[in-house]
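Hi there,

Here is the structure I promised to pass along. Have a look, and my notes follow below.

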Amino acid sequence: MWTEEAGATAEAQESGIRNKSSSSSQIPVVGVVTEDDEAQDVFKPMDLNRVIKLLEETDKDGLEEKQLKFVKKLVQCYQNGLPLRDLAQIFKILNLCSGKIKNQPRFIESAYDIIKLCGLPFLKKKVSDEITYAEDTANSIALLGDLMKIPSSELRIQICKCIVDFYHAEPPKKHIPGYQQASSSYKIQMAEVGGLAKTMVQSMTLLENQLVEKLWVLKVLQHLSTSEVNCTIMMKAQAASGICTHLNDPDPSGQLLFRSSEILWNLLEKSSKEEVIQQLSNLECLLALKEVFKNLFMRGFSHYDRQLRNDILVITTIIAQNPEAPMIECGFTKDLILFATFNEVKSQNLLVKGLKLSNSYEDFELKKLLFNVIVILCKDLPTVQLLIDGKVILALFTYVKKPEKQKIIDWSAAQHEELQLHAIATLSSVAPLLIEEYMSCQGNARVLAFLEWCESEDPFFSHGNSFHGTGGRGNKFAQMRYSLRLLRAMVYLEDETVNKDLCEKGTIQQMIGIFKNIISKPNEKEEAIVLEIQSDILLILSGLCENHIQRKEIFGTEGVDIVLHVMKTDPRKLQSGLGYNVLLFSTLDSIWCCILGCYPSEDYFLEKEGIFLLLDLLALNQKKFCNLILGIMVEFCDNPKTAAHVNAWQGKKDQTAASLLIKLWRKEEKELGVKRDKNGKIIDFENLPGLSAEDFVTLCIIHRYLDFKIQATHKQRELANKSWEDFLARTSNAKTLKVPSGGVVTVESTPARLVGGPLVDTDIALKKLPIRGGALQRVKAVKIVDAPKKSIPT
């Protein structure tokens, strides 16, 4: 449409002279106006190649005026939009104009006007034009970023305005027959393809002290960062660190901080989070974030300032997840701990002197975010001393009590409940690291007292409208759930000071009581939460009782009853996904830790058909439970009464325990791929490659493992019999009781574990205490000798 001949004709007509073009063809004057003719009226005839050639010329008189004149005509010609087919030539003209600016400043206006055209719609004549001219378009748009190097404030701002207009597409000012507007997202896509985001990030280094231009570039990057493609490009161009280090630059408008935080958010969400965190995990960035947060915390009073403060804290929390981030070195950790606890623990620090939080939504969110950042920070062990200095445990425990009107901040009931749950959840992470502080704050007593309130009938209308309050609407399940999690975390430290204190305060009895109370009041509506509570109770009991016979005795028959209750659960519920599997694991663990080794409890478990229930579970043939159940069965078999229960069990279709175990063995063989010969002999246990002579000797020992195990058991029984005989001899044999005169003998009471406790009949005690592993066993007959004639000297 814009041919050289047409351009020449237009120029000749303008001077009033009609000349023939260099070509034999000439644009005729026709009386009928076609669609193309109408379009030509909009896009006045313009020979773009001639304009390019003209701009490439140098050293001619009056050339600059002529060049400027033709560029001005070009701008007038395309004032309604840029056809995609002409885009490459138009941007070549733009590039030529920008190259002349240094020596010919008048070309700034020409470049400015052409750039302004880029904000107009791109036009296509054919549907396929968007694909046909995609490369030209992408390269053209990429040039806009390169032009940011021109030291012209006016030009830079216009470039930014033009790019921002990509995201606010407007229809053409005038309908152009034969053309239609390119799709609204076309420019945005071509900007991604051309890598415009990279050059715009790089341009930030050119604008150190030019606030207006910097704000415009940030606005552009804010728009560009809505795309994952652009965010990846920006991240690779080090946009995160480049923007973060300038967060504290002077800016009366406040736009710099707002736009910068928005870009950082987008980079974290839409590009590689790990790489962005790595960029921000340096001293310079963290110092900038620290100062911004501190200023907003202390002097931000508007709704907008508080929102921005919280955004900065979330970004900081994400960075703090990187253990290499110098949070402590820059002093940020210390400040965050101070800000998190200044309401609960009085501080004379000037940063918080006179500060108050309101019950506004933003301040409420801030409080929760500060609790959350403490959980993140405590994963870095050097933070522990700062947590101690900041009295974090004491601050968090101010929430572990029944609700009462707050003295410092008048939180609403719903807000206080959520903060309470959040504080207890935070304690579960922090308290195990600060055992001494936990104990000095009477942590166990506080939690147990709080659990008593949770179980009480006190009226409490919980809102249950938060993440931590899930399943707790109208009840105290959420409070109980998080308190038990805290106790479980402390018990599983296996710190004897903590566990002994818990037992002395009656924790075992209290846990059993809570469990029984829950059983008596079934709640199907919150079944999943109840199951979690039950599981945690059993895990706490297991942690307390393991390897402590006296605590197992306290667990006693009441504890066995709750275990048996769970074991009687309908097996179909194991597939419900609500948590019955976890509860069953906890139950089996409690059998191992709380019952085995305590003979009265073992006997009671057997009397209540516990072995039958174990075999019923084993018959379900669920591999995840089999190993644990079999291990328990092996331990129970040390009790002489167990064999009768095992032999008496019958499963479906009169299945016996023996046939069940054989079936499980075959299944295991099949899964292991064990091979047998025609006679049923295993043929691949020994056919193992790469074994030395010493290895084969060891393999033979492995074959005989069970023989060695049965032999060890006999030896233990012999030792037990010998021990019992020695004990009786010391108490009834006159010769043994005789000692040389003049000696002093200290006689200690016989340990309770040997005689079954004070005032217990020996025969009954022995019946209740079957022996295993070298402990005492009753012998068939004991010879009683005459009493000695001489008394024992004292």
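Glu494 sits in the loop between helix 26 (477-491) and helix 27 (496-504); helices here are DSSP runs of H or I with at least four residues, numbered from the N terminus. Its relative accessibility is 64%, so Glu494 counts as exposed (over 50% relative accessible area; buried is under 20% and partly exposed in between, with a 1.4 Å probe and protein chains only). The phi of Glu494 is near 60°, a positive value in a residue other than glycine. Most residues other than glycine have a negative phi.

Before going on, please note that this is a predicted model, where local features need pLDDT of at least 70 and side-chain atom pairs count only at pLDDT 80 or more, while totals for chains, interfaces and linings use all residues. Residues are numbered from 1 along each chain as its sequence is written, and side-chain values use heavy atoms, leaving out hydrogens and water.

Asn621 also has a positive phi, near 60°, and is not a glycine. Asn621 belongs to the loop between helix 33 (610-619) and helix 34 (623-636), and counts as partly exposed because its relative accessibility is 30%.

Two serines are worth a look too. Ser535, in helix 29 (residues 527-545), has 4% relative accessibility and therefore counts as buried. Leaving aside neighbours within four places in sequence, Ser535 is in contact (heavy atoms within 4.5 Å) with Val582, Leu583 and Ser586.

Ser659 is placed in helix 36 (residues 657-672) and is partly exposed, with a relative accessible area of 31%.

Best wishes
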